[in-house]
Amino acid sequence: MSSRKLSLLLKLIIITLVTGASSLGISLLLTTSGFEHLLGIIKPKSESAKASHNKLMSADAQNISPVTDQMNEVPKAFQGTIVYQGKLKANEKVIALTFDDGPSPKNTAQILEILKKNDVKATFFMIGQMVKYFPQVAKQVAADGHVIGNHTWHHWYRHMDLATAASEIDRTAEIIYKTTGEKTTLFRPPGGFLNNGLAEYAKNEKYAVMMWSEESGDAERRSPQVPGLVKNVLKYAKPGAIVLMHDGGGNRSKSVRALPGMIAGLKAEGYRFVTIPQLLEIQAQEKSVETAASPVVTNQEHPNQQLNHQ
Ligand SMILES: [Zn+2]
């Protein structure tokens, strides 16, 4: 079936369902939450559930006011580009853990605990509407010193016109800033789709479009069990790798249980953990060291080889 027919069919189904629904509540649920349900995003059931959850978060996060104006800026060379991993020297054993689709009340809080215990800093690509539903969790991520990236408002995959793409990204940037004080320059396209209008807009806005080099596999329909998730990450670990994991978009209890094993395994191999801006900064520094050193080396030993490097 062509995608045009498919979307027509979907519209028909939605219209049928909406008109069939007698209460306003049901029609609202259908029109606004279709994608959240596909994604498994869980909204807070009531204000009281939200309030009791907020009580669980630490006093630290409760007291944050978003006035820090913190800029986790990436080096100029990466702004407006697509990055899959840090290109580092083989002995530079750093790795970046990234968590997508949160903040979510249970999983994100558990992941934060594990990261804190292991003194690991990571990068969280947040969905705008999840930040709206769970602001205290987002605040806690920032309070713990992690970096926050933009993962759009709705997590749509479909092709978007410029105005929609702009709204998806700008609204998310705004709520992240208002909630946590972090001005993010990192964007991760939902589903890794680079051709639906979002990445193009993000590049024009000087975001670093962050893909990944390693998947834990935690969001696959038939995701591996905990030992399999750990094995996936350890198997492909290399200097500069960016690991994709999820703290939202469904039940991520396996990701939570796999995380301590991944961290321990990587530490045993000599890795240390960095945020995405730190990773890109290390690459930028290495490059500038090489550039500065090369004329001296080439002048003294191999004057003709300099050309080969250019
Ligand atoms: Zn996602």
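Trainee: Okay, what does valine 274 contact, leaving aside its neighbours within four places in sequence?

Mentor: Those contacts are Val94, Ala96, Lys121 and Leu279. Bear in mind that this is a predicted model, where local features need pLDDT of at least 70, side-chain atom pairs count only at pLDDT 80 or more, and totals for chains, interfaces and linings use all residues. Residues are numbered from 1 along each chain as its sequence is written.

Trainee: Where is valine 274 placed?

Mentor: Valine 274 is in the loop between β11 (272–273) and α12 (276–300). Those labels are DSSP runs numbered from the N terminus: helices are H or I with at least four residues, strands are E with at least two.

Trainee: Is valine 274 buried or exposed?

Mentor: Buried, because 22 other C-beta atoms lie within 10 Å. The cut-offs are 20 or more other C-beta atoms within 10 Å of the residue's own for buried, 12 or fewer for exposed, and partly exposed in between, with C-beta atoms placed from the backbone.

Trainee: And how far apart are valine 274 and isoleucine 95?

Mentor: In sequence, 179 residues; in space, 6.1 Å from C-alpha to C-alpha.

Trainee: Switching to α10, which residues are buried there?

Mentor: Helix α10 covers residues 226–235, and Leu229, Val230, Asn232 and Val233 are buried in it. Seen down the helix axis, the buried residues of α10 fall within an arc of 155°, so they line one face. That arc is taken from the directions from the helix axis to the C-beta atoms.

Trainee: Why would residues three or four places apart point the same way?

Mentor: Because an α-helix has 3.6 residues a turn.

Trainee: What does the buried side of α10 pack against?

Mentor: β9 (214–215), β10 (242–246) and α11 (253–268). The face turned away from the buried side carries the exposed residues Pro227 and Lys235.

Trainee: How many residues of β10 are buried?

Mentor: Five of the five, so β10 is largely enclosed by the rest of the structure. Ile242, Leu244 and His246 sit on one side, with Val243 and Met245 on the other.

Trainee: Which strands are joined to β10?

Mentor: β3 (residues 94–102) runs parallel to β10, with five bridges, and β9 is also parallel to β10, with two bridges. Strands count as paired if DSSP finds at least two bridges between them. Alanine 96 stands opposite isoleucine 242, and glutamate 214 stands opposite valine 243. From β9 the chain crosses through α10 to β10, a right-handed β-α-β crossover; that is, with the strands pointing away from the viewer, the path from the first strand over the helix to the second runs clockwise.

Trainee: What else does valine 243 touch, not counting residues up to four places away in sequence?

Mentor: Its contacts include Ile95, Leu97, Trp212 and Val233.

Trainee: Last topic: what's the average pLDDT of the protein chain?

Mentor: The average is 81, and 71% of the residues score at least 70. pLDDT is the predictor's confidence in each residue, from 0 to 100.

Trainee: Where does pLDDT stay under 50?

Mentor: Among such stretches are residues 47–52, with two contacts beyond four places in sequence, and residues 65–70, with twelve. Where pLDDT is low, the predicted coordinates should not be read in detail.

Note on methods. Contact = placed C-beta atoms within 7 Å.
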